[in-house]
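Below are my comments on the model you sent. Please read them alongside the sequence and the coordinates.

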Amino acid sequence: MPQQPPSTPRIAAGAVDLSALKARATRPGPTSPAGSTGSALGVNAEHRGAAPAGGESDGSNPFVIDVTEATFESLVIGTSMQVPVVVDFWADWCEPCKQLSPVLEKLALEYGGRFVLAKVDVEANQRLAELIQVQALPTVMAVLGQSPMPLFQGALPEAQVRQVIEELLKVATANGISGRVALRDTDAADDEDGEEPSLRYPEAFDALVRGDLDAAELGYTEALARQPGDPEAEQGLARVMLFRRVSAADPVTVRQAAADRPLDVAAQCLAADLDAADGVVEDAFQRLVDTVRITAGADRDVAREHLLSLFLVAGSDDPRVATARRALAGALF
């Protein structure tokens with residue numbers, strides 16, 4: 001079992017004691033949506049992003065998922081083998097929850113896939129809350145390597161929440177869990193009707209988003225062997241390669257190396273990979289365009305080819321790619 005970070009008392013200051021609110025639980029027991037399985041980080045009804053003021057998610061944050069009793073095992077327990085999952089137990093009537101949720105959601109976005117935030121509405125999932133023995137709201141726990149860890153209760157200030165997250169990530173690294181989840185771009189994934197696009201290779205996609213890069217690579221490679229040049233398979237394989245490159249990278253070391261050695265193409269490429277994996281695609285593109293501009297010969301070719309690989313990650317229909325292509329042409333000619 002993973003080493004655990006320190007936890008706070010059972011009922012903390014600033015938390016709402018559920019034992020005093022039993023009368024509010026007038027709804028019937030939770031009903032689980034049928035067939036609600038699959039990856040939390042893929043394209044499905046359970047992944048909706050994070051609302052700005054707490055409550056259910058609205059699609060604006062790709063590292064936040066809504067979880068039910070039916071999906072807790074597949075979405076939380078399963079994902080915890082690749083990255084820590086921070087679980088936020090909340091209710092609509094809980095005022096401290098409305099203070100804490102935006103802080104957790106902000107940090108989930110800031111850390112860019114180093115942990116996933118799972119939100120559980122205790123009103124809609126009363127049995128799950130009872131099984132986990134949630135006694136106050138908000139309650140925040142983590143699941144790491146399938147093992148639960150109590151974190152804290154109550155609406156802590158952002159600085160304290162950040163300290164808890166940092167400690168959790170240290171524990172995760174010590175237990176060999178230091179990856180980063182690969183997520184779809186929520187701004188581009190939905191079509192004009194608001195419906196999510198179908199996937200031609202769902203098994204490979206699910207493998208990618210749960211962090212099984214070997215299975216994802218095999219799925220997309222086989223797809224390309226059957227249909228060379230398939231855009232979805234090419235993009236999927238490019239994303240696999242990206243997350244392989246950044247999986248063991250230390251962001252501080254990589255970014256410092258890139259700052260110290262602007263002509264070091266390898267350092268610039270890895271820093272661009274981190275930017276892309278963190279969702280800062282424009283920065284990744286600009287870094288490599290600048291590298292192309294100030295290098296020559298083989299170094300310039302390496303930077304250019306690496307930039308093209310990141311174009312595949314983003315997808316040809318991403319408007320940022322078209323902008324970067326124009327910038328690349330200017331740098332080359």
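1. C269 is buried, because its relative accessible area is 6% and the cut-off for that class is under 20%. This comes from a predicted model, so the value is computed from predicted coordinates.

2. Two further cysteines fall into the buried class. C94 has a relative accessible area of 1%, and C97 has one of 2%. Both values lie under the 20% cut-off, so C94 and C97 are counted as buried.

3. How many disulfides does the whole structure hold? A search finds one. The bond joins C94 to C97, with 2.4 Å from S to S. Its two sulfur atoms therefore meet the criterion of within 2.5 Å. The link of C94 and C97 is right-handed, with 85° about the S-S bond. A disulfide is a covalent bond between the sulfur atoms of two cysteines.

4. Confidence should be read along with the geometry. The protein chain has an average pLDDT of 78, and 77% of the residues score at least 70. Where is confidence highest and where is it lowest? Strand β3, residues 85-90, is the highest at a mean of 95, while helix α5, residues 186-189, is the lowest at 42.

5. Two stretches call for a separate remark. Over residues 1-54 the pLDDT stays under 50, and the model gives this stretch 150 contacts beyond four places in sequence. Residues 184-197 also have a pLDDT below 50, with 23 contacts in the model beyond near neighbours in sequence.

Methods
Residues numbered from 1 in each chain as written. Predicted model: local features only at pLDDT ≥ 70, side-chain atom pairs only at ≥ 80, totals over all residues. Heavy atoms only, no water. pLDDT = per-residue confidence, 0-100. Helix = DSSP H or I, 4+ residues; strand = E, 2+ residues; numbered from the N terminus. Contact = heavy atoms within 4.5 Å. Buried < 20%, exposed > 50% of the residue type's maximum accessible area, 1.4 Å probe, protein only.
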